[in-house]
Amino acid sequence: MNHLTRRTFIRNTALLGAATAFPARSWAQVAGANGDVRVAVLGLNGRGKNHLSSLAKVSGVRVVALCDPDSKVLDKAAASLGGDVKKYADMRDLFASSDIDAVTIATPNHWHTLAAIWAMQAGKDVYVEKPVSHNVWEGRQLVAAAKKYNRVVQAGTQIRSGEGLQEAVAWVQAGNLGKITASRGFCYKRRDSIGKTTAATPPPPNINYDLWTGPAPLVEPHRNNKKNGPVHYDWHWIYLYGNGDVGNQGIHQMDVARWFLGEAGLPRHTLSIGGRLGYDDDGQTANTQVVIHDYKTAPLIFEVRGLPSKAGAGQAAGAGAEAGSAEASGMDNYRGVSIGNVVECEGGYVMTKAYFTATAFDKAGKVVKEFKGTDRHMQNYIDVVRSRKLSDLYGPIEQGHVSSALCHLGNLSHQLGKASSPGELQERVKGNAQLSEAYGRMAEHLAANNVDFAKTPVTLGMPLAVDPTAERFTGPNAGPANAMLTRQYRAPFVVPTMAGGVAE
């Protein structure tokens, strides 16, 4: 394929950008043959497969193009659609096509923001998977780009589409259980070791690794899990590309926790305690972690546990396993929740175990109300692509950005932290009852997995003070933390500066 240069791509997107000036009704009338919305799916080895199945259920949609830098993955996905679809390795070629109205993005995390902005510059509407960004700064650029190009941008925070959760949030915020005292999220999902290599592993020839790497530094993979190989899936646990389970699963639960709190922006303070514990492998991100975000309404507390309830319990969940899988894998739970939320209030609590339903309990543990719903996220995206009513989006990009940023804040605190003794940790948390309780349960969990704190100490994260309006850090730790709000991008895969309305 004759790939576009950066200059050609910018020239073409400038021409295509004229589509943003069309009135909503005219745009809808030209959105493909017979009024169909013509969609392309980018990234096909994980969530992209779910995108295809979700789009197949939406009437008036045709998947006309697929994109993935792995030719084997691309060919397999195209074959599943009967082969009547255009295939692209380079998304810039796809974006230059006038035969595509909208895209869904399920690439690795480090590509989410740039792919979405390039798509908008080419006049396409966007559904972008969670987390919507790889770092805080680029998430804000994504929000600014959506406004500048007047595009529909749906964040892949699909729990927000469930009628049950929408009703539960409104019910709690109406004061039916009194004030919220803590909004908790949990990702107790089994994550075994990915193994440890002794040298870099060259990527296989079917993967265009330059395109796969995109904005990140071009370095050979230093991982080679027997199931996933040197490139796929385990990038989640490498900071160059992924954000750990805080960003992989935790984005959903922190989004719901913040939604219940009714907090629109970032917290006042953030602190992480945790580490990659119980094994030594090529992964970098924490598999055991407590992150606490200090909000005015109430604290938001999120917990990650990748180890089982005790040494030898259960089996590891498969790659990409969804909610509910943790309990079957011998995992811990909090009030019956392994993956989900517990919103604690003065008069009881609300528990979510499935993505789209919730149950309210009084202080005695008696059920007082149940809320049920289903996933309507992709349908909602297509509906708004047609109507152009951005206020109807269930996952507006501003909300997706803020909740993604919560993941990044927790990771920054962890990455800037230091290995600490149990005594140091106990001293740090003793003044905060809720943090002390969460850390105490985490310590018991690690002991049940025979983790020796002397040999593999827990990391006490750097306490971070946040300016929610500026989305920057303040105070004595601001310097190193602010330096990590963005990254160095590899040309030509550079996220443009959009905040303020003008791209670089």
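**Exercise 1: the largest cavity**

Task: list the lining of the largest cavity and sort it by class.

Solution. Step 1: the lining of the largest cavity consists of Arg-191, Trp-237, Asp-245, Arg-276, Tyr-279, Thr-285, Ala-286, Asn-287 and Val-304. The model is predicted: local features need pLDDT of at least 70, side-chain atom pairs count only at pLDDT 80 or more, and totals for chains, interfaces and linings use all residues. Residues are numbered from 1 along each chain as its sequence is written, and side-chain values use heavy atoms, with hydrogens and water left out.

Step 1: on a 1 Å grid over the protein atoms alone, a cavity is a set of points where a 1.4 Å probe fits but cannot get out, a pocket is an open set with protein on both sides within 12 Å along at least five of seven lines, and lining residues have an atom within 4 Å of a point.

Step 2: four of these cavity-lining residues are nonpolar, two polar and three charged. Here Ala, Val, Leu, Ile, Met, Phe, Trp, Tyr, Cys and Pro count as nonpolar, Asp, Glu, Lys and Arg as charged, and the others, Gly among them, as polar.

Step 3: the largest cavity holds about 50 Å³ of space, a volume being the space filled by probe spheres set on grid points joined across faces, edges and corners. The structure has two cavities of 30 Å³ or more.

**Exercise 2: the nonpolar cores**

Solution. Step 1: a nonpolar core is a set of buried (under 20% relative accessible area, 1.4 Å probe, protein chains only) Ala, Val, Leu, Ile, Met, Phe, Trp, Tyr and Cys residues joined through side-chain atoms within 4.5 Å.

Step 1: in the largest core, of 45 residues, Ile-180, Phe-260, Val-350 and Phe-473 touch the most other members. Helix α11 (residues 250–261) supplies the largest share, seven residues.

Step 2: a second, separate core has 38 residues, including Trp-111, Val-143, Ile-397 and Phe-493.

Definitions and conventions
Buried means under 20% relative accessible area, exposed over 50%, partly exposed in between (1.4 Å probe, protein chains only). Helices (H or I, at least four residues) and strands (E, at least two) are DSSP runs, numbered from the N terminus.
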